Amino acid sequence: MVIEQIKMPQLGESVTEGTISKWLVSVGDKVNKYDPLAEVMTDKVNAEIPSSFTGVIKELIAEEGDTLAVGEQICTIALEGGTTEEVPEASVAASPSTPAGAPETAEQAEQGNKARYSPAVLKISQEHGIDLTRVSGTGAGGRITRKDLLKLIESGNIPEAGQNVEAINEPAVIKAPKQEAAQPVAQPTAPAQAVNIPVAVGDIEIPVTGIRKAIAANMLRSKHEAPHAWTMIEVDATNLVEYRNSIKDEFKKKEGFNLTFFAFFVKAVAQALKEFPQINSMWAGDKIIQKKDINISIAVATDDALYVPVIKHADEKTIKGIAREISELAIKVRTGKLRSEDMQGGTFTVNNTGSFGSVQSMGIINYPQAAILQVESIVKRPVVMNNGMIAVRDIVNLCMSLDHRVLDGLVCGRFLQRVKEILENTSKSTTSIY
């Protein structure tokens, strides 16, 4: 039979890895092409991995909870109607002392299974200095799983070279050293330090979900790699507020979805990006990539995660069209129907922090984009007008974080001034929502 590999797909631009949150199939299950195999979480999206073939599941290489790089093998499928078996690259070659065609011994089979470590297992072993050749796994065919290593770490019985640990026991039991020469253990250059926080009675320990880990990793990468700078501008949104409030009820009745303030801000940003294309850029190491398309990423939060779907070609859409997409993408996020293609291609992020009452904030850039804009709450404030009189106006702060490798204060200041100008001149007489 022919054996085919299923690998971790690219689930979004700049996404480099995904976490298997749930297997939807088991070994021996028959699957058709395009049937879902597993649920995967990244820092940007929850998605299902479809089968590329029709056949029978032969092996699940990754465990639930494992994080794999794009292109890593996650399972194998035996194709229907195949006549020859293709050996996956991950298979262990026969020992030089084993004659070609000789049957594999049980010990060799077990060693072959153990040698195919998942990325999560390798990462944990390197962080804690665990010699994987001295660990007996509890997975299929003796494979070492992530849970095996976590049990060892919790018990404190981390095997050094020359020790063998039975991972199935809890607490782990260290066996007598074997006679063969110990293999050197690869030590990490910067091992992760566990945070020892005392847990008192009444404290609640909340496990970190796969998507929360992915969000943390992406935010950490952004802060470590991109030198963040920050700037803010005040916008008088009085005319915009009056215009939107005068038409919102009729719009909802006619169109079936809300006309939010956020749609006006996204449209203004898209228009300004067209005039200041430097902002619509990304850092690529030895060059800066200025993107042709203006695709606005918007942040949509759930109770325990943050998703960043994308409004494609926002500069070509009307305010009504943007409002429709905001509504549709938010519904997809909250009903779990967001697709990987909904997350791809973003070039600039606009975050509606004002939706929960914030008036000033400093966003972390959505890597690898060059900037993010926080739209804060619209609040009524006394303002000194040009004629010296004091009036109550609707004021909103726009807060921008920028990657100082790509952008400087001058161009960002001009960009924000242009956004301010567009918003302050939004009114019934000057602006069409269609």
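Student: How many bridges join S1 to strand S8, and which way do the two run?

Tutor: Five bridges join S1 to strand S8, residues 73-79, and the two run antiparallel; strands here are DSSP runs of E of at least two residues, helices are runs of H or I of at least four residues, and both are numbered from the N terminus. Two strands count as paired if DSSP finds at least two bridges between them. This is a predicted model, in which local features need pLDDT of at least 70 and side-chain atom pairs count only at pLDDT 80 or more, while totals for chains, interfaces and linings use all residues. Residues are numbered from 1 along each chain as its sequence is written, and side-chain values use heavy atoms, with hydrogens and water left out.

Student: What stands opposite Lys7 in S8?

Tutor: That is Gln73.

Student: And which strands make up the open sheet, in what order?

Tutor: The order is S1-S8-S6-S3, four strands with antiparallel pairing. Strand S1 (3-7) and S3 are at the edges with a single partner strand each, so one side of each has no neighbour in the sheet.

Student: Switching to the core, which residues touch the most other members of the largest one?

Tutor: Ile279, Ile296, Phe348 and Phe415 do, within a largest nonpolar core of 63 residues. Such a core is a set of buried Ala, Val, Leu, Ile, Met, Phe, Trp, Tyr and Cys residues joined through side-chain atoms within 4.5 Å, where buried means under 20% relative accessible area, exposed over 50%, and partly exposed in between, with a 1.4 Å probe and protein chains only. Helix H6 (residues 261-275) supplies the largest share of this core, ten residues. Another core lies apart from it and has 18 residues, including Ile20 and Val40.

Student: What about the backbone, where is the cis peptide bond?

Tutor: It runs from Tyr367 to Pro368, with omega near 10°, and Pro368 sits in the loop between strand S19 (348-351) and strand S20 (371-375). Most residues other than glycine have a negative phi, and most peptide bonds are trans.

Student: Tyr34 has a positive phi, about what value, and is the residue buried or exposed?

Tutor: The phi of Tyr34 is about 80°, although Tyr34 is not a glycine. Tyr34 counts as exposed because its relative accessibility is 61%, and its place is the loop between strand S3 (30-31) and strand S4 (36-41).
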